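Hi,

Here is the structure I said I'd pass along.

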Amino acid sequence: MAKLFIVPTPIGNLEDITLRALNVLKAADLILCEDTRTTKNLLQHYEIEGKRCMAYHIFNEHEQVGNYIRQIQQVATAALVSDAGTPGISDPGFLLVREALKQEVEVECLPGPTAFVPALVQSGFPCSSFYFHGFLPHKKGKETLLKRFAEMEETVVFYESPHRLLKTLEKMSEIMGPDRPVAVAKELTKIHEFTFRGTLAEALQHFGSQPVKGEFVLIV
Ligand code: SAM
């Protein structure tokens, strides 16, 4: 019977891949990739050759999900990978998993890299109970959501793009007050990794004084 493995891949440092993830990729008859070029580079790095890779991303996931489930049903082992981290976490994955389960394809997600866990744990904020949101909506709904976050007792973790970081920090400061403690994890596992810890006012001062580049996780 066909089995679909969800395989987490490094979020920067190529050493962050498990032995099991490599073995599953080596054994896979079919690999669905967010970007086949990115995955081929990863496979090449680990000397995994001759794999059948197909593109599965936000622009084709709705139309291709049925087709890919049929293809998975014809092989023993298939894998889904995204460009970085765990598929399904702010990346395509959910639709495929739901459809696979509906069609009685066994699904197994390997434990592995994802950006929000190290960001949360090293933030210094309580992590016994937290709320993860992925990306905030760009316009409509952003303010309402930040107001909801402001009222939560749990630590809140979310993803933000470099282009919107300052605007989001400004809005947070407006809604939550400039003294609210925040952590901003930048470029986890990469050369320029840095975690800012301070108030929203200090974060605005820090990130406002230089060009904002890189990947970010916010914890508040
Ligand atoms: N699937 C990924 C995961 O499991 O974390 C998330 C993919 S999502 C498209 C990309 C966002 O995740 C980035 O914009 C950033 O907010 C966060 N992210 C991914 N890698 C990161 C890193 N190395 N450092 C900080 N944030 C990262």
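Let's start with a cysteine: Cys109 is partly exposed, at 45% relative accessibility (buried means under 20% relative accessible area, exposed over 50%, partly exposed in between, with a 1.4 Å probe and protein chains only). Cys127 also counts as partly exposed, its relative accessible area being 33%.

Before going further, the ground rules: this is a predicted model, where local features need pLDDT of at least 70 and side-chain atom pairs count only at pLDDT 80 or more, while totals for chains, interfaces and linings use all residues. Numbering runs from 1 along each chain as its sequence is written, and side-chain values use heavy atoms, with hydrogens and water left out.

Back to the cysteines. Searching the whole structure for disulfides (pairs of cysteine sulfur atoms within 2.5 Å) turns up zero. Cys109 is in none, and the nearest cysteine sulfur, from Cys33, sits 16 Å away.

- Thr114: a side-chain N or O atom is 2.6 Å from an oxygen atom of the ligand.
- Asp91: a polar side-chain atom lies 2.8 Å from a ligand nitrogen atom.
- Leu188: a backbone N or O atom is 2.8 Å from a nitrogen atom of the ligand.

On its own the ligand has 570 Å² of accessible area, and the protein covers 91% of that (Shrake-Rupley method, 1.4 Å probe).

Next, helix α6, which spans residues 142-151 (helices are DSSP runs of H or I with at least four residues, strands are E runs of at least two, numbered from the N terminus). Its buried residues are Lys142, Leu145, Leu146, Phe149 and Ala150. They cover an arc of only 145° around the axis, so they lie on the same side of α6; the arc is taken from the directions from the helix axis to the C-beta atoms. That buried set packs against β6 (130-135), β7 (155-160) and α7 (165-176), with contact meaning heavy atoms within 4.5 Å. The exposed residues Thr144 and Glu151 are on the face turned away from the buried side.

Last one: Ser123, in helix α5 (residues 116-123). Ser123 is buried, at 4% relative accessibility. Its side chain reaches the backbone oxygen of Leu120 at 2.7 Å. Leaving out residues up to four places away in sequence, Ser123 touches Ala183, Arg197 and Ile219.

Cheers

Key:
A polar contact is a pair of N or O atoms within 3.5 Å; within protein, one must be able to donate a hydrogen and the other to accept it, and residues adjacent in sequence count only if both atoms are side-chain atoms.
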